[in-house]
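Subject: Structure for your review

Dear colleague,

Please find below the structure that I am handing over to you.

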Amino acid sequence: MNEPVVLDWGYLADLADKVARSIAASWAIVEKDDVKQEILLHAYECRPAIEANYANEDFLWKIFKKAGVQYASRERDYRDLMDDQYYYTPDEAKAAVKTFLYTDEELGKLLGRRDDLLRCRVSDGLMSARMDAQAAMPRLNQRQQQLLLRRYLYGLPIETGADEVALSRAVVALARQMNRVLRTK
């Protein structure tokens, strides 16, 4: 019979501190202590996984790093949403990808008019979204780019449920990257 692993929370706190320090150094939006607290909360909530891998410090580092980066990403997204700059939604990201059907010149001629293919009125906002989407697309992984183009540019159906889920995540990822582009101009 396997005996339960007794976790040394002091050891885990030290490891969480090291991970938090590395995350805070690359994510200016978060403080080290806040990241550490979030990592330790995650460790407490996921005790079975921590207990199963307690002897493998590299694996614990990966678990802690993922929890810390997710926290930092949530904090950055919240700040982006609450600042006074424009915030792209996933629907706006989809609309921007659909504009890739046209060249810049063709889309410029449609400015101010309703377009049946895009199913919207072509505005300055859509032109800006298109530019931000073009800058954001290379930041997505290859599969996300292919799914976005397949569905929203070429109009082809998505074949599997897994691809449908991946497409939804790709739309959200594109909107996030468009917001990153917007804030780094």
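Accessible areas come from the Shrake-Rupley method with a 1.4 Å probe, and for residues only the protein chains shown count as cover. By this method the protein exposes about 11,500 Å², of which carbon and sulfur atoms supply 51%.

Please note that this is a predicted model, in which local features need pLDDT of at least 70 and side-chain atom pairs count only at pLDDT 80 or more, while totals for chains, interfaces and linings use all residues. Residues are numbered from 1 along each chain as its sequence is written, and side-chain values use heavy atoms, with hydrogens and water left out.

Overall architecture

The protein has 9 helices and 2 strands. Both kinds of element are DSSP runs numbered from the N terminus: helices are H or I with at least four residues, strands are E with at least two. From the N terminus on, their order is α-α-α-α-α-α-β-β-α-α-α. Of the 185 residues, 38% count as buried; buried means under 20% relative accessible area, exposed over 50%, and partly exposed in between (1.4 Å probe, protein chains only). A contact means heavy atoms within 4.5 Å. Among the contacts with a separation of 6 or more, 63% come from residues 24 or more positions apart.

Helix H8

Helix H8 covers residues 142-153 and has 12 residues. From its first C-alpha to its last it reaches 15 Å, close to the 16 Å expected at 1.5 Å a residue; the expected span is 1.5 Å times one less than the number of residues. Glycine 155, whose phi is positive, near 70°, follows H8. The buried residues of H8 are Gln144, Gln145, Leu147, Leu148, Tyr152 and Leu153. Their cover includes helix H5 (90-98) and helix H9 (161-183).

Salt bridges

The structure holds 8 salt bridges, each being a side-chain nitrogen of Lys or Arg within 4 Å of a carboxyl oxygen of Asp or Glu. One of them joins aspartate 17 and lysine 36 (3.8 Å, N to O). This pair links distant parts of the chain, since aspartate 17 lies in helix H1 (residues 9-26) and lysine 36 in helix H2 (residues 32-45), 19 residues apart. Aspartate 17 counts as buried at 14% relative accessibility, whereas lysine 36 counts as partly exposed at 22%. Lysine 32 forms a salt bridge with aspartate 33, with the closest N and O atoms 3.5 Å apart. A network of salt bridges links Asp17, Arg21, Lys32, Asp33 and Lys36.

Aspartate 91 and lysine 94 also meet through their side chains in a salt bridge (3.5 Å, N to O). Because they are 3 residues apart in helix H5, about one helical turn separates them. Aspartate 91 is exposed at 54% relative accessibility, and lysine 94 is partly exposed at 26%.

A surface patch

Tyr78, Leu81 and Met82 form a nonpolar patch on the surface, with about 350 Å² of accessible area together. Patches are made of residues with over 30% relative accessible area and no salt bridge; like charges are joined within 9 Å, and nonpolar side chains (Val, Leu, Ile, Met, Phe, Trp, Tyr) within 5 Å. Leucine 81 lies in helix H4 (residues 57-82) and is partly exposed, with a relative accessible area of 46%.

Yours sincerely
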